[in-house]
Amino acid sequence: MPSVAPILCDLDGVIWLMHQPIAGSVNAIESLRTAGHRVLFVTNNSFSLVADQENALAKIGIQAHGDVVTSSQAAGALLHKGERVLVGAGPGAVEAVRNAGAILAGRSDEHHRDSTANAMGSDSNQSIDVVMVGYHATFDYRGLTMLSAAVRNGALLIATNDDATYPTPHGLIPGGGSIVAAVSVASGVQPIIAGKPHKPMADLVRQVLGTNDLSNAWMVGDRPSTDGLFAQTVGCKFAQVLTGISSEGDRGDALHEDSHVFADLATFAKMIAGS
Ligand SMILES: [Mg+2]
């Protein structure tokens, strides 16, 4: 067990809102690191490439190379070398498929990105081992048909995450979980879910940190229904911050017995790192 508690930190609603840094968050990360804490950014954002997320953090003054784990990576960890994967998700999921040594058999939104591409016929669905689903704004009926047909033909259904919504300045938009729900209903199969608050993400965090005992660690997040439950899955403490979109009826302390509320990340860091 590491002597200095690792900090698992959510991004949206804790570090930034739509990439606009939340007051004090950048300095808070610095003071935590100065005090010797390893900070791991744990996000359900499955769409963006890992490097893009690291670069976005660098842009606001947080060096995070090797310190970002995503729900796409957690989904990728469930794949086996050589498996043929049909992706109904963003570039982050495609990246995870390739990093796992699996084969990108196709994308269900190919017809949106390449007008010359022919969507795969139902025959080729026979050879799909895994269907990976996550947020993508190009989701449509044609894609839903391809994805659900492959699952009906026996492919394993893996969801990067099951977040029903995603907060934007213009209100909530459908998240990856809403798309997964459509594929699940259309195929009659329940997905294996990789991201927070589920076990594959917890396994990935343990692997990255190189420890199974995270009882002294903290998960800092704005959503008790994902971050709080994830703390429970990991077996660590939960620090809820109030800088996210919390007006959606997300339940608080009731979900996690070792749950503590802080105004923001800066207040949390002051308590933990004493600066
Ligand atoms: Mg959040």
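Which residue of strand 8 does V85 stand opposite? In this predicted model, the residue facing V85 in strand 8 is V130. The pair belongs to a parallel pairing between strand 6 (residues 84–88) and strand 8 (residues 130–133), which are joined over 4 bridges.

The protein as a whole has 10 helices and 15 strands. Of its 275 residues, 49% are buried. Among contacts with a separation of 6 or more, 67% are between residues 24 or more positions apart.

Strand 1 (residues 7–9) and strand 4 run parallel and are joined by 3 bridges. One of the residues involved is C9, whose bridge partner in strand 4 is F41. Strand 4 is also joined to strand 5 (residues 68–70) by 3 bridges, again in parallel. There, T43 has T70 of strand 5 as its bridge partner. Strand 4, helix 2 (residues 50–59) and strand 5 together make a right-handed β-α-β unit. Because 4 of its 5 residues are buried, strand 4 is largely enclosed by the rest of the structure.

Helix packing comes next. Two packed helices are described by the angle between their axes and the distance between the axes. For helix 6 and helix 7 (residues 176–187), the angle is about 50 degrees and the axes are 9 Å apart. The two helices are therefore oblique to each other, as the angle lies between the roughly parallel range, under 35 degrees, and the roughly perpendicular range, 65 to 115. Helix 6 passes helix 7 in a right-handed crossing. On helix 6, the contact is made by L144, L147, S148, V151 and R152. On helix 7, A182, V183, A186 and S187 take part.

Some backbone details stand out. K196 and P197 are joined by a cis peptide bond, with omega at about 5 degrees. P197 is found in the loop between strand 12 and helix 8. Another loop, between strand 2 (16–17) and strand 3 (20–21), holds M18. M18 is not a glycine, yet its phi is positive, at about 50 degrees. H19 lies in the loop between strand 2 and strand 3. H19 also has a positive phi, of about 70 degrees, without being a glycine. M18 is exposed, because 8 other C-beta atoms lie within 10 Å. H19 is exposed too, with 12 other C-beta atoms within 10 Å.

R206 is placed in helix 8 (residues 199–209). With 15 other C-beta atoms within 10 Å, R206 is partly exposed. Leaving aside neighbours within four places in sequence, R206 is in contact with T211, N212 and L214. R206 and V234 are 28 residues apart in sequence. In space, R206 and V234 are 8.2 Å apart, C-alpha to C-alpha.

Methods. Residues numbered from 1 in each chain as written. Predicted model: local features only at pLDDT ≥ 70, side-chain atom pairs only at ≥ 80, totals over all residues. Buried ≥ 20, exposed ≤ 12 C-beta atoms within 10 Å, placed from the backbone. Contact = placed C-beta atoms within 7 Å. Pairing = 2+ DSSP bridges. Right-handed = clockwise from strand over helix to strand, strands pointing away. Axes fitted to C-alpha atoms, helices over the stretch in contact; angles between N-to-C directions. Parallel < 35°, antiparallel > 145°, perpendicular 65-115°, else oblique. Left-handed = near helix turned anticlockwise from the far one by under 90°.
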